[in-house]
Amino acid sequence: MEDFANLSWRVKDVSVLDIGTKFISEENIAKSYVFANSFKPSNQDPDAKKEPKSKLLHYPHSSRLNVNQQAICLRALQLLQIDRSTPFTSSEQQTINTYNNLKIQIHEENGLFLKYVEKEWNRELHKRFSKKILKRVFDFGYSKWKNKLESIKKYDELYKLENMVPISEMDNVEIVHEGCLLELGYVAKVTPPNLNTNVKIILNKIPSIKNMEPKEEVLKCIKLPASQDCHAEQLAKQYGCDVVITSSGLKTIIDNFGPDYNSSWDIPVIVKECEINGSKKNIIFVDKPLPQRVMSRMELNMKCRKVLLQTNMCLSEAHRFNIPQMRSKNSDDDVVDKKRQGSEEITESSLPKQPKQIIQLNEHIASSSVNDSITDMSELGSDNASDVTNGSCDTHGFRVRTEKQRRIQMHHNVTYRMWRLKTKENKNILLKGSSVKKDINILTRCKTDGYEVGENGVFSPVTLVPKLEFQWEYGGELVTKSEVLRQWTTLYFRPFSRLLRVRMKGTNQEYIKIENILLNKIVSEALKHYNCTPMLHLGVLYNVLSNLINLKPGNYLLHHTPKHGPFVALMKSVQQSTSDTLNLHNVYSEQNCKIESTVKWNSIDTTLILPYHIKNGLMPGMFPPHQMCKSQTKIYGLQVNEHNTMKYD
């Protein structure tokens, strides 16, 4: 260093130099290759494990289709999956004809491919569930689960069987949307990531359990059971609702199917006697389902990934309901709902149009405490209200929060809608011995993850759903029947909404594909993969609720285990323990609640096209073509050689 300092320099004092624009600034140095590769980023996740860059996949044989045939069939599959009103061109029709001629070979190879993948799952891949879940992700899911288990102590301890209620499907049940009655809170703008490059979820945006609670009194109701929601009770009284139910309660009841009916669940039910205009009426409150007693590591992972999607993709505010608004169910014009409706394609004829005219909220709800809370909503998600008001706006006019505000931002909102559940008219209803079944007025409570902005500036309500992939080398996993029914319920009871199914690697934070799902797509998935019609599961909902509306005031429990089969036990709270009583607190005791590491294999979706399929002209659910093996071609994400092996990056 001394030799370097003793050199004869042209200028002894650097202050006399005219630095000008050629001088390299500190900012540019920090962005330089040398600097960036000399220091590790400070926000690097200590729990993240570095995965190998590539892995050899040893296939038993090559595909029966050559390279050109796979590319043509892939193009045909893409054409058949596109929603279009225009007819196919002659060249497109020829592509589809080639695919149809090879369909028998493709289906045979799909079967062989799935058997191979299942064998690999049992041999090696299943270990990913237990070994490669990040500690921070696991801890969040586990803490959230344990907190819910603690809340069970707030319910009565002993229950006795009152009745067995059928939960079978019915084809003569329909539901009519009567209107959106009340909306509170604020909704985020959903900004999906650009997947042209490898993108990962930012783990630093995992919030604490405490920070997930809304700070405003008017919004705290959304975290409470339906029976403790003051807004829901007042709306039920005013509009003559028979049942109040949360979206999670709807999904749990509708998600029951044969032949095994192997799900286990418990839903508390509270029957209150309310006075309405001088007369008394019983209102049924179906609370949130109790947490599962047995959780897999994947389910804990999913709980965290759902929250991470919200904190990573919902950074700015799209809309807030500053003044409580209630909509009449028999009105003519609703600007807000028209704006949201846009050009949504809702194909099920039973789904009615949105309600219209906006009217003032009942004075009982719009009390001073509610209004005071609404005015404080300008402070949401920030330490200082001025941070929000001074924020800038993006091109769509949405308020963009500062970096300090965007650290971990949760957007809380709630929507109350009224529905009428009924059986379809029967021509033989006047025959002797027949009876008229009562319509059931339902008040649903749900929330929205955010709004997506269309090209014409129309808001589209969006629900974010993570789909973890543990076999991504071989393709995307099939959506389970339970997932299909729950996602159908999510879309059906949120009219004109869409769902973003975010597929990501289960062992790290990397996105794979984001599917834009509408209601008709869910219906087609249910029919295609499981020969299931989700609308028939409204019969399950009708059977359960029709048995609840005649109950006397008190505390009840809907209790289902696999041994109950196509029935659910309706149990009533009792004071004394006998041989036939159920001790709810013992059922959910610490020794009965556990975490499982083993998960059954889930099939690959042989029609799901992932980005690397498009990049390389490969058909999903098939082996690599023989020509690729022979030429040792390296392709995007995969490398194939003459020994029928593929290297996956």
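At what angle do helix H15 (residues 481-492) and helix H16 (residues 519-530) pack? In this predicted model, the angle is about 160 degrees, and the two axes lie 9 Å apart. Angles over 145 degrees count as roughly antiparallel, so H15 is roughly antiparallel to H16. Their crossing is left-handed. From H15, the contact draws on Lys481, Val484, Gln487, Trp488, Leu491 and Tyr492. These residues meet Leu519, Ile522, Val523, Ala526 and Tyr530 of H16. By class, the contact of H15 with H16 holds 9 nonpolar residues, 1 polar and 1 charged.

H15 also packs with helix H10 (residues 247-254). Here the angle is about 140 degrees, with the axes 9 Å apart. H10 and H15 are therefore oblique to each other. The crossing of H10 with H15 is right-handed. On the H10 side, the contact is made by Leu250, Lys251, Thr252 and Ile254. On the H15 side, Leu485, Arg486, Trp488, Thr489 and Thr490 take part. The residues of this contact divide into 4 nonpolar, 3 polar and 2 charged.

H10 itself is mostly covered, with 6 of its 8 residues buried. The buried residues are Ser247, Gly249, Leu250, Thr252, Ile253 and Ile254. Their cover includes three strands: E4 (243-246), E5 (265-276) and E13 (440-446). Helices H15 and H17 also contribute to that cover.

The largest nonpolar core has 49 residues. Within this core, Leu421, Phe493, Leu538, Leu541, Leu545, Leu548 and Leu558 touch the most other members. H17 supplies the largest share of the core, 7 residues. Leu545 touches Val243, Val286, Leu421, Ile440 and Ile442, leaving aside residues up to four places away in sequence. In soluble globular proteins, nonpolar side chains tend to be buried together.

Across the protein chain there are 20 helices and 24 strands. Buried residues account for 49% of the 649 residues. Contacts between residues at least 6 apart in sequence were also sorted by separation. Of these, 79% join residues at least 24 apart.

Two residues illustrate such pairings along the chain. His529 is located in helix H16. Its relative accessible area is 25%, so His529 is partly exposed. His529 touches Leu478, Asp605 and Thr607, not counting residues up to four places away in sequence. The C-alpha atoms of His529 and Thr480 are separated by 8.9 Å, while the two residues are 49 residues apart along the chain.

Val67 belongs to helix H4 (residues 67-81). With a relative accessibility of 30%, Val67 counts as partly exposed. Its C-alpha atom is separated by 8.4 Å from that of Pro624. Along the chain, Val67 and Pro624 are 557 residues apart.

Key: Residues are numbered from 1 along each chain as its sequence is written. This is a predicted model: local features need pLDDT of at least 70, side-chain atom pairs count only at pLDDT 80 or more; totals for chains, interfaces and linings use all residues. Side-chain values use heavy atoms; hydrogens and water are left out. A nonpolar core is a set of buried Ala, Val, Leu, Ile, Met, Phe, Trp, Tyr and Cys residues joined through side-chain atoms within 4.5 Å. Buried means under 20% relative accessible area, exposed over 50%, partly exposed in between (1.4 Å probe, protein chains only). Helices (H or I, at least four residues) and strands (E, at least two) are DSSP runs, numbered from the N terminus. Contact means heavy atoms within 4.5 Å. Axes are lines fitted to C-alpha atoms, for helices over the stretch in contact, and angles run from 0 to 180 degrees between N-to-C directions. Angles under 35 degrees count as roughly parallel, over 145 as roughly antiparallel, 65 to 115 as roughly perpendicular and the rest as oblique. A crossing is left-handed if the near helix is turned anticlockwise from the far one by less than a right angle, and right-handed if clockwise. Ala, Val, Leu, Ile, Met, Phe, Trp, Tyr, Cys and Pro count as nonpolar, Asp, Glu, Lys and Arg as charged, and the others, Gly among them, as polar.
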